[in-house]
Amino acid sequence: MKIAIGNDHAGPEYKKAIVQMLRDKGIEVVNYGTDTFDSVDYPDFGHKVAQDVEDNNVDFGIVICGSGNGIAMSANKHQGVRCALCWTKEIAVLARQHNNANVISIPARFTAIPQVLEMVDAFLTTEFEGGRHETRVNKIACS
């Protein structure tokens, strides 16, 4: 598996913990995020992750900013991306099962690192259910 990750200045510690967990599981990580707390613009990193997902260069994407909203909005501008803002494990599971989300957005200022590690693991290991959900997911992209 190969994952792209991107974050703004709210997420360096989160990214570091996530990357370590992924590498411990043998997952390859492409890092587009900042490693400092100096202010940067989240779209710069969200678009890079989303482009890799849209181009099928990676299996999934992870994006992180303070609220998770801005970077999710940026990622969702890409037609092949279904980025889900998640703050609990249960939402991350449903995002995969029902929405076939391929990018998870993490609100760094509203979650704790252990909680985020659990969410990311659940997101990456949950399968899309298809069926009635597939019809709905197929209606998401603009034509």
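Let me start with helix α4, residues 89–99, and helix α5, residues 113–125, whose axes in this predicted model come within 8 Å of each other and cross at roughly 20 degrees. Since angles under 35 degrees count as roughly parallel, that crossing makes α4 roughly parallel to α5, and the handedness of the crossing is right-handed.

If you look at who makes the contact, α4 contributes Lys89, Ala92, Val93, Ala95 and Arg96, while α5 contributes Glu118, Met119, Ala122 and Phe123. Sorted by class, that contact between α4 and α5 consists of six nonpolar residues and three charged ones, with no polar residue.

How many aromatic pairs does a search of the whole structure find? The search finds one, and its partners are Phe60 and Phe123, with ring centres 5.7 Å apart and planes at 70 degrees. In general, a pair of aromatic rings is described by the distance of the centres and the angle of the planes. Planes over 60 degrees apart count as edge-to-face, so the pair of Phe60 and Phe123, at 70 degrees, is edge-to-face.

Which residues is Ser74 in contact with, once its neighbours within four places in sequence are left aside? The answer is Tyr42, Pro43 and His47, and of helix α2 I will say here that it spans 42–54.

Finally, let me turn to the backbone, where two asparagines deserve a mention. Most residues other than glycine have a negative phi. Asn56, however, although not a glycine, has a positive phi of about 60 degrees; Asn56 is found in the loop between α2 and β3, and with a relative accessible area of 65% it is exposed. Asn100 is likewise not a glycine, and has a positive phi of about 50 degrees, its place being the loop between α4 and β5, the latter covering 103–107. With α4 we are back at the helix that I began with, the one whose axis crosses that of α5 at roughly 20 degrees.

Note on methods
Residues numbered from 1 in each chain as written. Predicted model: local features only at pLDDT ≥ 70, side-chain atom pairs only at ≥ 80, totals over all residues. Heavy atoms only, no water. Axes fitted to C-alpha atoms, helices over the stretch in contact; angles between N-to-C directions. Helix = DSSP H or I, 4+ residues; strand = E, 2+ residues; numbered from the N terminus. Parallel < 35°, antiparallel > 145°, perpendicular 65-115°, else oblique. Left-handed = near helix turned anticlockwise from the far one by under 90°. Contact = heavy atoms within 4.5 Å. Nonpolar A, V, L, I, M, F, W, Y, C, P; charged D, E, K, R; others polar. Phe/Tyr/Trp six-rings, centres within 6.5 Å; stacked < 30°, edge-to-face > 60°. Buried < 20%, exposed > 50% of the residue type's maximum accessible area, 1.4 Å probe, protein only.
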